[in-house]
Amino acid sequence: TAFAELAREKLRRRFLYVSANVINHGILSAVHSSLGQLRDVRPTVEGISWQYHGEVMTEPKYRIEAHTFYSDCVWRRWDCAAFVHEAFLSRLEDNSSCLFDFGIFDFHAHGYGTRSDLRDNPRYIDFNLNMFSWLGSDFADMDWDGLAQDDEHEISVKHPERRGQHAVALGRAVVAHFAFSSQEKGLRDSTNLFQRYRKLSQDLASRLAVLHYSGVLQPAP
């Protein structure tokens, strides 16, 4: 349903881009944390499985920094990525994932270029380009040279600023982004998240095939 929700909101033409509500996102993870959407789940001694400890994460090592997209937790650390994935999956398991729906979050409510990597010569990005909806006409006046130099900066900061338009995230369009490059090795080597997401997607594809496509998986094998 995330695809349909993104298309529906984009076709209202209120915003330049409409991003999905992305799990393991450089900026939205801090939103999820601030809104109390991430449960207190922690790894067992073995490290593969995680256990529920409460509705509010109180462990300091899993605090997610705001106002930056290159946070220590989540962006740099695979264990923080594992935490946000496990917190999301725990809500899928007990049918409480609706709590991730924050309505609409405006990335540009406070202006453009408000989030940096906190370096001496900072790079600014207002949202990660994991999954978002747009129209061809939205890119008609794109600065293609700027895009070639830094696609995320151009698309999330400069292009909306030139147009005087905002980009948002849609709370009800929840998707999972498995890993940034800085997280992938740890997630693949030390968790079973990839296998669990794969099974979830296969189960969903099978269910949708029965409901809508006469039992034929889409796309057809």
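**A guided look at a predicted model**

Visitor: Does His177 count as buried or exposed?
Guide: In this structure, which is a predicted model, His177 has a relative accessibility of 17%. The limit for calling a residue buried is under 20%, so at 17% His177 counts as buried.

Visitor: Which residues is His177 in contact with, leaving aside its neighbours within four places in sequence?
Guide: His177 is found in the loop between strand S6 (167-176) and helix H7 (181-190). Once the neighbours within four places in sequence are left aside, the residues in contact with His177 are Val22, Ile23, Asn24, His85 and Asn130.

Visitor: Asn24 is in that list, so what is its relative accessible area?
Guide: Asn24 lies in the loop between strand S1 (17-23) and helix H2 (28-34), and its phi is near 70°, a positive value in a residue other than glycine. Most residues other than glycine have a negative phi. Asn24 is also buried, because its relative accessible area is 0%.

Visitor: How far apart are the end C-alpha atoms of helix H4?
Guide: Helix H4 covers residues 78-93, which makes 16 residues. At 1.5 Å a residue, counted for one less than the number of residues, the helix should span 22 Å, and this agrees with the separation of its end C-alpha atoms, which is 22 Å.

Visitor: How many of the 16 residues of H4 are buried?
Guide: H4 is largely enclosed by the rest of the structure, and this follows from the share of its 16 residues that are buried, which is 13.

Visitor: Which residue just after H4 takes a positive phi?
Guide: The residue in question lies in the loop between H4 and strand S4 (104-106), and it counts as exposed because its relative accessibility is 69%. Its phi is about 60°, a positive value in a residue other than glycine. The residue is Asn95.

Visitor: Which residue does the disulfide join to Cys73?
Guide: The structure holds 1 disulfide, and the S to S distance in it is 2.0 Å.

Visitor: Is the disulfide of Cys73 and Cys80 left-handed or right-handed?
Guide: The handedness follows from the torsion about the S-S bond, which for Cys73 and Cys80 is about -110°. With that torsion, the disulfide is left-handed.

Visitor: What is the separation of the C-alpha atoms of Arg76 and Gln195?
Guide: Arg76 is found in helix H3 (residues 72-76) and counts as partly exposed, because its relative accessibility is 39%. Leaving aside its neighbours within four places in sequence, Arg76 is in contact with Tyr70, Ser71 and Ser182. Gln195 lies 119 residues from Arg76 along the chain, and their C-alpha atoms are separated by 22 Å.

Visitor: About how much accessible area do Leu204, Leu208, Leu211, Tyr213 and Val216 have together?
Guide: One of these residues, Leu211, is found in helix H8 (residues 193-212) and is exposed, because its relative accessible area is 58%. Leu204, Leu208, Leu211, Tyr213 and Val216 form a nonpolar patch on the surface, and their accessible area together is about 450 Å².

Terms used: Residues are numbered from 1 along each chain as its sequence is written. This is a predicted model: local features need pLDDT of at least 70, side-chain atom pairs count only at pLDDT 80 or more; totals for chains, interfaces and linings use all residues. Side-chain values use heavy atoms; hydrogens and water are left out. Helices (H or I, at least four residues) and strands (E, at least two) are DSSP runs, numbered from the N terminus. Buried means under 20% relative accessible area, exposed over 50%, partly exposed in between (1.4 Å probe, protein chains only). Contact means heavy atoms within 4.5 Å. Patches are made of residues with over 30% relative accessible area and no salt bridge: like charges are joined within 9 Å, nonpolar side chains (Val, Leu, Ile, Met, Phe, Trp, Tyr) within 5 Å. Accessible areas come from the Shrake-Rupley method with a 1.4 Å probe; for residues, only the protein chains shown count as cover. A salt bridge is a side-chain nitrogen of Lys or Arg within 4 Å of a carboxyl oxygen of Asp or Glu. A disulfide is a pair of cysteine sulfur atoms within 2.5 Å.
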